[in-house]
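User: I have a model open and want to go through a few parts of it. Can you take some quick questions?

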Amino acid sequence: GKPLIGVNHLEAHVYANFLTDKPPVFPAVCLVVSGGHTSLLYMGGHRRFEVLGQTRDDAAGEAFDKVARFLGLGYPGGPAVQKAAQSGTAGIYRLPRVFLDRNDYEFSFSGLKTATINLWNKLKKNGEAAGVNDLAAEFQEALVDVLVEKTVNAARQRGVKQILLAGGVAANARLRERITFEAGKEGIAVNMPPPLLCTDNAAMAASAGYYQYLE
């Protein structure tokens with residue numbers, strides 16, 4: 001006799017935000033970044049989503065995984081690249097900030113992934129000592145730059161006072177640090193689940209199911 005509620009996986013990631021000490025307020029802009037998805041959403045209320053933009057090819061998490069595997073850093077790629085980047089320096093190598101020159105909220109990470117691989121191969125071909133940690137740091141910075149700038153721009157243009165982070169890549173320390181800092185300069189608060197609740201978990205599904213049940 002118990003209700004059976006079907007929960008959308010991405011919606012569940014968003015609803016991990018409602019398990020924090022300070023639940024989100026509406027309206028908000030939500031960045032969903034995971035191994036299979038990268039989407040920017042406008043959230044006008046509970047379960048009221050408008051897609052502002054999404055990736056045209058690789059998701060952010062997918063790019064992390066592929067670059068980490070190519071550089072021999074291990075799996076899952078997000079934590080592996082983050083760990084290597086902590087011992088490296090962004091800017092020693094220069095990678096593109098894809099779609100950052102566009103006036104929309106679309107993303108593309110396939111080109112960044114390819115540019116990273118091509119740079120690595122070029123350095124090896126020229127006999128140069130390629131710094132894995134430095135390249136990991138630049139790759140992470142290039143990806144984070146795009147995510148942060150587009151998200152903060154969307155929040156500013158939509159006039160919201162809060163940004164939500166969701167999905168496995170939302171556990172990335174550099175993304176959390178940068179988006180909090182850049183949004184703070186605009187007077188926009190950032191709500192994000194603890195890293196443990198960013199990756200797939202049962203609690204987020206329960207949270208989404210609970211608010212769906214209330215309807």
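User: What is the bridge partner of V29 in β2?
Analyst: Y42 is the bridge partner of V29 in β2. This is a predicted model, where local features need pLDDT of at least 70 and side-chain atom pairs count only at pLDDT 80 or more, while totals for chains, interfaces and linings use all residues. Residues are numbered from 1 along each chain as its sequence is written, and side-chain values use heavy atoms, with hydrogens and water left out.

User: How many bridges join β1 to β2?
Analyst: Six, and the strands run antiparallel. β2 covers residues 38–45. The two form a hairpin with four residues between them. Strands are DSSP runs of E, at least two residues, and helices are runs of H or I, at least four, numbered from the N terminus. Strands pair if DSSP finds at least two bridges between them.

User: And how many join β1 to β4?
Analyst: Four, running parallel, with β4 at residues 162–166. C30 stands opposite L164 there.

User: Is β1 buried or exposed?
Analyst: Six of the six residues, 28–33, are buried, so β1 is largely enclosed by the rest of the structure. Buried means under 20% relative accessible area, exposed over 50%, partly exposed in between (1.4 Å probe, protein chains only). A28, C30 and V32 point one way, V29, L31 and V33 the other.

User: Switching to helices: at what angle do α2 and α5 pack?
Analyst: About 170 degrees, with axes 11 Å apart, for α2 (residues 60–70) and α5 (residues 132–158). Axes are lines fitted to C-alpha atoms over the stretch in contact, and angles run from 0 to 180 degrees between N-to-C directions.

User: Which residues make the contact?
Analyst: A60, A63, F64 and V67 of α2, and F139, Q140 and L143 of α5. Contact means heavy atoms within 4.5 Å.
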